[in-house]
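Please walk through this fold with me, one element at a time. Keep the sequence and the model side by side.

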Amino acid sequence: MVANAGITLFKPFLETTVEDFHKLMSVNVLGVTLCFQYAARQMIKQGRGGRIIGASSGAGKQGIHNMAVYSASKFAVRGLTQATSSELRKHNITVNSYAPGFILTPMNAHPDDDKYGGLGSVAKMAANMPADLQGAEPDVIAGLVAYLISPEAHFTTGQTINVNGGLYCD
C-alpha cells in the first residue's frame, strides 16, 4: 500500500491560518495514518506480511522557507513511519517512506511558471530553492517504490529515503 496523497502550501508561517493548518494536517498526516492503519489491519488479517509506503518529503527532513506547516506535516510522516515499522515488524510488514526533492508534478505548477523559467519555477522561488535546481520526473519515485515492494527490500524498514538529486544529505 502506498499512501501517496498529499497537498502543499507555500505561505509564510505568520500568514498561515488555522484553516490552512487543519487542511494540511488532515490530508498529509491523518490521511497517511488512516492508510497505514487500514492497510496494516488487512495485511495482518491475511497473514502474509506486506509493504506499507508513505510519502514524506525533503521538507520532512529539513524545514523549508515559506512551508512551515507543510514541513511539520512531512516530519510527522517520518515519525509515523519509524514508530509503525517497529510495531508491525512482528507481522512481517515493512514500513518505509520516500522523501522527494523537487519533482516535476502538477503540485509544483503555478500559472506564472512560464514567466520565470518553466514548471515549478515559482515554487522554487517561494521555497528559496536555487533557480538552477533541476527537477526530476515522477518515475524516479516510482523506481524507488518498485524496489521497496520487492522481496529484496524485506530488510529495509523504518526508513525515509531521500530522492533529491543530492540537494542535501542526512
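How many residues does helix H1 have, and how far does it reach from its first C-alpha to its last? H1 covers residues 18-46, which makes 29 residues, and it reaches 40 Å. That is close to the 42 Å expected at 1.5 Å a residue; the expected span is 1.5 Å times one less than the number of residues. Helices (H or I, at least four residues) and strands (E, at least two) are DSSP runs, numbered from the N terminus.

A word on the source. This is a predicted model, in which local features need pLDDT of at least 70 and side-chain atom pairs count only at pLDDT 80 or more, while totals for chains, interfaces and linings use all residues. Residues are numbered from 1 along each chain as its sequence is written, and side-chain values use heavy atoms, with hydrogens and water left out.

Stay with H1. It bends by about 35° at serine 26, the bend being the angle between axes fitted to the seven residues ending there and the seven starting there. Just after H1, glycine 47 takes a positive phi of about 75°. The buried residues of H1 include Asp20, Asn28 and Phe36. Buried means under 20% relative accessible area, exposed over 50%, and partly exposed in between (1.4 Å probe, protein chains only). The buried residues of H1 pack against strand E1 (2-3), strand E2 (50-55), helix H2 (68-88) and strand E3 (93-100).

Now the sheet. It is open, with four strands in the order E1-E2-E3-E4 and parallel pairing. E1 and strand E4 (160-163) stand at the edges with a single partner strand each, so one side of each has no neighbour in the sheet. Two strands pair if DSSP finds at least two bridges between them. Six bridges join E2 to E3. Glycine 50 stands opposite isoleucine 93 in E3.

Last, look at the surface. Is lysine 90 buried or exposed? Lysine 90 is found in the loop between H2 and E3. It counts as exposed because its relative accessibility is 71%.

Notes. Contact = heavy atoms within 4.5 Å.
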